[in-house]
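The stops below are meant to be selected one after another.

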Amino acid sequence: MSLTASRADGVPGGRGTPPPRTPAQRRRALGLDRGAWFLLLPALIPILVLSVGPLLYGVGLAFTDSQAGRTDPTRFVGLDNFLDLRFDSLFWDSFGIGLTWAFSVTAVQLALALGLALLLDQNLELRWLARTLALVPWAMPEVVVGIMWRLVYPADAGVLNKTLAQLGLIHGTSGNVDWLADLSYALPAVVVVGVWAGMPQTTVVLLAGLQSVPHELREAAQLDGAGLWRRFTADTWPALGPVVLSITALNFIWNFNSFGLVYVLTQGGPGGRTRLPSLFAYEEAFTYGQFGYAAAMGLVMVAVIAVLLTLFLRTRLTEDPA
């Protein structure tokens, strides 16, 4: 490259930089930018009103002594709610239950959904029907799912106990278990419902990821004599990595913030064994009227989950830079 050409690349109008815009071009570009923002307003306004606005209000509420039924003006109390929350053992117990619930449901959902997605990805007869039936739990509202499973778990007339009795696993009514009222079984029983209700969406995402894996990779591995497990670990699983990472993070957030399903099933009982932190904050706000304190709980929940997800994503992305 000549000295003249290298200098031309660094000056306005040279080959390395675009020519400066004329005033007319700048006005047209500015008009296009304004037009783009105008087109985005119908989508931005609901987000600002229904999501960003309540979020900011909740953050501000966490630093006040807002209570239901009080006549005095709400006062700014700074970090008092967070200092009180630090010694609230009931809240931290519920937080531990929430983490146990979220980790358990997310892990079991991923394992079962991956197996189901691999099955539905095969060229089987009536595959369309199987895929449709797999979506049924996803199409049902949480309240309906909770009511339906409440008919499965009762001690006397529950479907589960009757099935176990027919299989000879329990004998007589003395062996019946009230699954949702038993201190030992309540949380595992609720986890089963959470897995059943949330597995379809994970299956759909993983199935879409499987169908994006190039068939050439599978065919080449099969021609090389690789078995099913080898083909899965060498080709399928690495290709699914970004999909698994995304759906796992989203499922963890959804499961930790779960409210309606557990509320319908147990309302946090028995003895607080299924009281997730969202249920605890709900009771604090709408049963005891401590709005500021409940908002502080919500803010702590968001902060802790954000930290956990950041560590999780950083670890996974470090292990798989691609």
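Begin by selecting aspartate 84, which is found in helix α3 (residues 80–86); helices here are DSSP runs of H or I with at least four residues, numbered from the N terminus. The model is a predicted one, in which local features need pLDDT of at least 70 and side-chain atom pairs count only at pLDDT 80 or more, while totals for chains, interfaces and linings use all residues. Residues are numbered from 1 along each chain as its sequence is written, and side-chain values use heavy atoms, with hydrogens and water left out.

Aspartate 84 has a relative accessibility of 48% and therefore counts as partly exposed; buried means under 20% relative accessible area, exposed over 50%, and partly exposed in between, with a 1.4 Å probe and protein chains only.

Next, go to glutamine 201 in helix α9 (residues 186–211). Is glutamine 201 buried or exposed? Its relative accessibility is 17%, so glutamine 201 counts as buried. Display its side chain together with that of asparagine 251, as the two make a polar contact at 3.3 Å (a pair of N or O atoms within 3.5 Å, where within protein one must be able to donate a hydrogen and the other to accept it, and residues adjacent in sequence count only if both atoms are side-chain atoms). Leaving aside neighbours within four places in sequence, glutamine 201 is in contact with Trp138, Asn251 and Trp254, contact meaning heavy atoms within 4.5 Å.

The aromatic rings come next. Rings of Phe, Tyr and Trp (its six-membered ring) pair if their centres lie within 6.5 Å; planes under 30 degrees apart count as stacked, over 60 as edge-to-face and the rest as tilted. The count by this rule is 16 aromatic pairs. Select phenylalanine 103 and phenylalanine 252, a tilted pair with 4.9 Å from centre to centre and 50° between the planes. Phenylalanine 103 belongs to helix α4 (residues 89–120) and phenylalanine 252 to helix α11 (residues 228–256), so that the pair links distant parts of the chain, 149 residues apart. Phenylalanine 103 is partly exposed at 48%, whereas phenylalanine 252 is buried at 5%.

Finally, select tyrosine 282 and phenylalanine 286, whose ring centres are 5.3 Å apart with planes at 45°, so this pair is tilted. Both lie in helix α13 (residues 277–286), four residues apart and thus separated by about one helical turn.

Notes: Helix = DSSP H or I, 4+ residues; strand = E, 2+ residues; numbered from the N terminus.
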